[in-house]
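Hi everyone, thanks for coming. Have the sequence and the model open while I talk, and we'll go through them together.

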Amino acid sequence: MTSSPPENELPGMAHAGLLEYWYAVCRSAALRRKPKALMLFGTPIVVFRNQAGLAMTLADRCPHRNAPLSAGTVRKNGNLQCAYHGWEFCGNGTCAHIPGRLGTIPAKWGHVVHYVTEERHGLVWVYASADAEPARSLASLVTEPPEGRYVHVLRELQVEAPLLPTLENALDVPHTAFLHRGLFRGAQPHRITATVTRYPDRVVTEYTGEPRPTGLIAKLLSPSGGLVEHSDRFILPSVAEVEYKIGTENHFLVTAYCTPVDEQRTQMFARVAYRTRALGWLIRPLLEAAAMRIFRQDAAMLKLQSDNQHQFGGEHYLNTELDLMGPHIRRLLKEAETHLELSAVVAARKVEFDA
Ligand code: FES
Ligand SMILES: [Fe+2]
């Protein structure tokens, strides 16, 4: 027996609860006069700027004959005009004008689904529930970039893998010594103690006892070595954050906002802020080249993993105590997806391992 999908569920996606969150969809600088065709949870959306320069989001389908609104243009009055018969829509989805038609436009005609949109820290954010007021503020999700003498970098990348493995990969330590050998961690493993703490909306792992790793990136960040303070955070439903403090002067913070494009693709917006004893901008080209290499290795592995799961008809994971974050991320996403009460339990666990 099949039950009808919950209201608000998008075709083919079983993520009702996950729609009640904000997702980064594009960089602010990339959204200019031309409307942008994007995809969120498998649904085509169009993002555009109205006459005041505010970012607006509609479903990318004209209600008249279903032409993509992203093929249209933004008029001087800020309306998005369909390229086919010229119908015009405001940012809230109301049809404002039908060329050639006399009289007022009945309200039941021509309403396009709209999504509440905001901009923050150089990114355009969309609340993924159609025609709904946000249940939570964007500020509760987005961490503030550190202030002061930092180098800031924002990069956008697409991964051919679903949200969960992408988030897990971003926060998985044991693979760094193997898949990225020499780039961050070196050949000599160190004993590390990790403390995993689970909160209602996040999971945080703190690593202690780690000397500065011997790989290239760690050497660039802190040539003189030093003790490492390292923490990894997952914040529901889409944020993976990695923070390193090496010695007293070197600080490295990567915040990856992961947006489900559809069931098989995840768009990642990585915001990097770092401060080093050396002049930060001087090492930037080397640091970026190494970071891009790491990313390409991750993206290639995520695609292989994803393709293989398809061939075997689904995933079948075996977790050990070294898989610190994945099971928590899965559980938190599941709870959010199915509207389970987010468990208020705060639980901590200690694990020792070599990496
Ligand atoms: S399809 Fe958009 S105006 Fe006709
Ligand atoms: Fe990786």
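Let's start in helix H3, where Lys303 and Asp307 sit 4 residues apart, so about one helical turn separates them. When I say helix, I mean a DSSP run of H or I with at least four residues, while a strand is a run of E with at least two, and both are numbered from the N terminus. The side chains of Lys303 and Asp307 meet in a salt bridge, at 2.9 Å from N to O. That term needs a side-chain nitrogen of Lys or Arg within 4 Å of a carboxyl oxygen of Asp or Glu. Why would such side chains pair at all? Opposite charges can pair when the charged atoms come close.

Quick housekeeping before we move on. This is a predicted model, where local features need pLDDT of at least 70 and side-chain atom pairs count only at pLDDT 80 or more, though totals for chains, interfaces and linings use all residues. Residues are numbered from 1 along each chain as its sequence is written, chains are lettered from A and ligands numbered from 1 in the order in which they are written, and side-chain values use heavy atoms, with hydrogens and water left out.

Buried means under 20% relative accessible area, exposed means over 50%, and partly exposed is in between, with a 1.4 Å probe and protein chains only. Salt bridges with shared partners also tie Arg155, Arg284 and Glu288 into one network.

How many salt bridges are there? The count comes to 17. One of them joins Glu119 and Arg49, with the closest N and O atoms 2.8 Å apart. Here the pair links distant parts of the chain: Glu119 is in strand S10 and Arg49 in strand S3, 70 residues apart. Glu119 is partly exposed at 33%, whereas Arg49 is buried at 18%.

Another one is Arg233 with Glu243, at 2.7 Å from N to O. Arg233 lies in strand S15 and Glu243 in strand S16, 10 residues apart. Arg233 counts as buried at 16%, and so does Glu243 at 13%.

His180 is in the loop between helix H1 and strand S13, while Asp298 is in helix H3, 118 residues away. His180 is buried at 2%, and Asp298 is buried at 9%.

Last, zoom out. The protein has 4 helices and 19 strands, and buried residues make up 49% of its 355 residues. Its C-alpha atoms fill a box of roughly 75 × 55 × 40 Å along the principal axes.
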